[in-house]
Amino acid sequence: MALQERVSLAQATATRPELTTDALVVFGVVVLALILFLTERLPIDVTAILLIVVLAVLEPWTGVDPETAVSGFANEATITVLAMLILSGGISRTGVVQELGRRMAGFAGDSLRKQLFATVAATSPVSGFLNNTPVVALLVPVVTDVANRGNTSPSKLLIPLSYASQMGGMLTLIGTSTNILASDISARLGSQYPELHRFSMFEFTGLGVIVVLVGGLYLIFVGHYLLPERVPPRADYLEEYAVGDYLADIAVTPGSPLVGETVRDATDALGPEVDVVQVIHDAERSVAPRQATTLREGDVLVVRTNRDAITTLEDTVGGELVGGSNSALRLPTDAATGVLTELVVSLDSRLVGERLDPEAFREEFNAAVLGLRSHGELVADRIVGKRLDVGDTLLVQAPPDTLDRLARRDDVIVAREPPRPDYRADKAPIAVAIMVAVVAVAALELYPILIAALAGVVAMVVTGVLEPNELYDAVEWDIIFLLAGVIPLGIALEASGGAAYLAWLVVQSAGFLPPIAVLWLFYILTGLLTEVISNNASVVLLLPVAAAAATGIGANPFAFVLAVTFAASTAFLGPIGYQTNLFVYGPGGYRFGDYFRIGAPLQLLLSIVTVLGIAAFWGV
């Protein structure tokens with residue numbers, strides 16, 4: 001279509017919609033949501049619940065009655081995502097993903113490019129069929145160990161791990177929750193735009209393969225040059241966290257009032273800034289001692305405290321400071337005494353928002369906290385009372401038999417592999433067969449993906465791949481609540497005319513551009529918005545606008561829907577745009593700018609590749 005004809009069509013079809021009071025109210029709710037998502041003043045699931053309440057209370061303007069407000073919980077996309085998370089959890093319990101990662105990395109040796117190839121090759125295909133969030137959580141320790149064995153900085157591999165999982169999520173409908181949500185919205189908009197429909201299982205696999213290949217080549221041959229070695233190869237944890245500056249030995253002297261008392265009593269006597277991380281008795285060390293452990297004359301307490309507090313320990317009643325404040329130099333970290341590792345606070349961890357209490361942490365996790373890295377920065381002094389967030393990394397020492405138990409917890413991600421991993425390996429063939437069956441049934445359209453996924457969940461339990469009580473642990477509930485909250489917000493945006501008005505603004509400001517340029521602008525806009533709010537929220541807000549704008553300029557609405565979907569699932573500019581970026585933040589020792597340094601060229605490259613691919617496969 002000639003430019004003049006296209007402009008005429010845009011002018012003819014893009015009649016200015018009325019900016020009603022209803023639309024203004026909904027815009028106000030959208031702004032409130034954006035502020036809360038951006039500032040994180042409330043947890044993401046609480047923000048979602050607040051949106052439900054606000055939309056229902058403002059029903060005269062939003063048009064969202066109480067039934068519609070809670071319809072997100074019963075929405076097909078929400079239930080499908082829930083079922084897919086459980087299926088991913090079943091696969092992870094068998095150790096299949098970890099074993100695949102080890103085998104793909106086995107040939108890598110000390111070649112950085114081979115290590116990067118193994119990381120991309122092991123992560124992307126798996127992420128096309130399993131939710132990429134648990135895939136990254138499972139592979140962080142595998143990739144870290146690959147780096148350590150090959151004398152490579154983990155910083156060179158962990159961001160590529162996260163980016164590869166995001167690109168792999170675009171291989172199939174079930175790769176990410178965003179794809180499933182976008183499919184549902186596309187089907188709902190189909191009544192207004194005949195070109196739109198629910199995505200099939202492999203609707204965009206061809207384009208996804210191109211994205212994975214181009215992005216993978218970039219990560220292997222270019223990206224690693226842009227990543228600094230934040231964590232040295234085979235880093236000494238004690239040196240990296242400057243633990244030696246904060247540890248001291250206190251001997252229980254003869255006649256001390258601490259004799260016969262417990263670790264809890266000693267902690268109370270030493271003050272709230274002091275945490276007992278080890279007790280040495282007759283040359284035997286008790287790592288992460290229980291609060292009820294009884295102290296005897298001659299015992300030595302290894303304590304972690306602040307620099308200022310170390311000087312006050314000289315005056316401790318019942319104890320004598322011995323060996324100065326360099327206990328870390330003599331702190332055994334062998335497997336027989338106590339394993340040092342990093343624990344990353346996971347997305348749905350109960351620790352998120354809690355203040356760090358090393359004493360309570362030691363009791364619950366059987367691990368002593370030695371250091372903390374928050375938002376990528378080392379907390380150099382006071383860690384007691386520090387509020388924890390997703391992606392924060394704790395340096396802990398734990399007995400060897402505790403590491404495996406920590407690896408199976410949903411609250412934390414262990415940044416090194418347990419020496420004796422406990423997986424249901426005998427159930428692996430069953431779990432894989434169930435997953436293949438779910439994909440096949442949905443791909444052949446014998447039954448909707450929702451029914452196939454729910455049937456797979458039942459099969460996982462019946463065959464023993466998952467225990468019934470593990471179903472709930474496998475679900476990332478904040479994602480479920482987020483979907484339930486933003487779905488009615490999207491409905492309100494459409495019903496109030498807000499989406500049509502925003503689309504009109506786009507047509508007026510960019511209608512003179514070729515449709516492929518407008519398509520690219522929507523990709524960039526979605527990518528930038530996803531960096532500050534949830535990817536699912538970006539899809540809900542922008543898909544209706546993109547479809548309306550495409551119609552306004554005489555373009556293909558389905559092409560615009562796909563551009564928004566792809567852009568929302570590939571957030572490379574910062575650590576907060578996508579949850580997998582947070583998982584590697586601490587273990588990689590990254591800074592905020594590291595993501596932009598490697599991610600901005602990748603985002604630009606993939607924006608061009610994706611837009612040209614959409615134009616080639618579906619037309620604009």
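Start with the helices around the largest pocket: select H2 (21-39), H3 (44-57), H20 (470-473), H21 (477-495), H24 (535-552) and H26 (579-583), each of which gives at least two residues to the lining. Helices here are DSSP runs of H or I with at least four residues, strands are E runs of at least two, and both are numbered from the N terminus. H21 makes the largest contribution to that lining, with four residues.

A word on ground rules: this is a predicted model, where local features need pLDDT of at least 70 and side-chain atom pairs count only at pLDDT 80 or more, while totals for chains, interfaces and linings use all residues. Residues are numbered from 1 along each chain as its sequence is written, and side-chain values use heavy atoms, with hydrogens and water left out.

Now show Ile44, Leu347, Val352, Asp389 and Val390, the closest to the pocket's centre among its 48 lining residues. The volume is about 1200 Å³. A pocket is an open set of points on a 1 Å grid over the protein atoms alone, with protein on both sides within 12 Å along at least five of seven lines; a lining residue has an atom within 4 Å of a point. Colour the lining by class and you get 23 nonpolar, eleven polar and 14 charged residues. (Ala, Val, Leu, Ile, Met, Phe, Trp, Tyr, Cys and Pro are nonpolar; Asp, Glu, Lys and Arg are charged; the others, Gly among them, are polar.)

A cavity is a set of points where a 1.4 Å probe fits but cannot get out.

Last stop, H18 (428-443). Which of its residues are buried? Pick Ala428, Ala431, Ile434, Met435, Val438, Val439 and Ala442. They sit on the same side of H18, because their arc around the axis, taken from the directions to the C-beta atoms, is only 135°. Turn to the other side for Pro429 and Val436, which are exposed. Buried means under 20% relative accessible area, exposed over 50% and partly exposed in between, with a 1.4 Å probe and protein chains only. Just past H18, check Glu445, with a positive phi of about 55°.

Notes:
Grid points are joined across faces, edges and corners, and a volume is the space filled by probe spheres set on the points.
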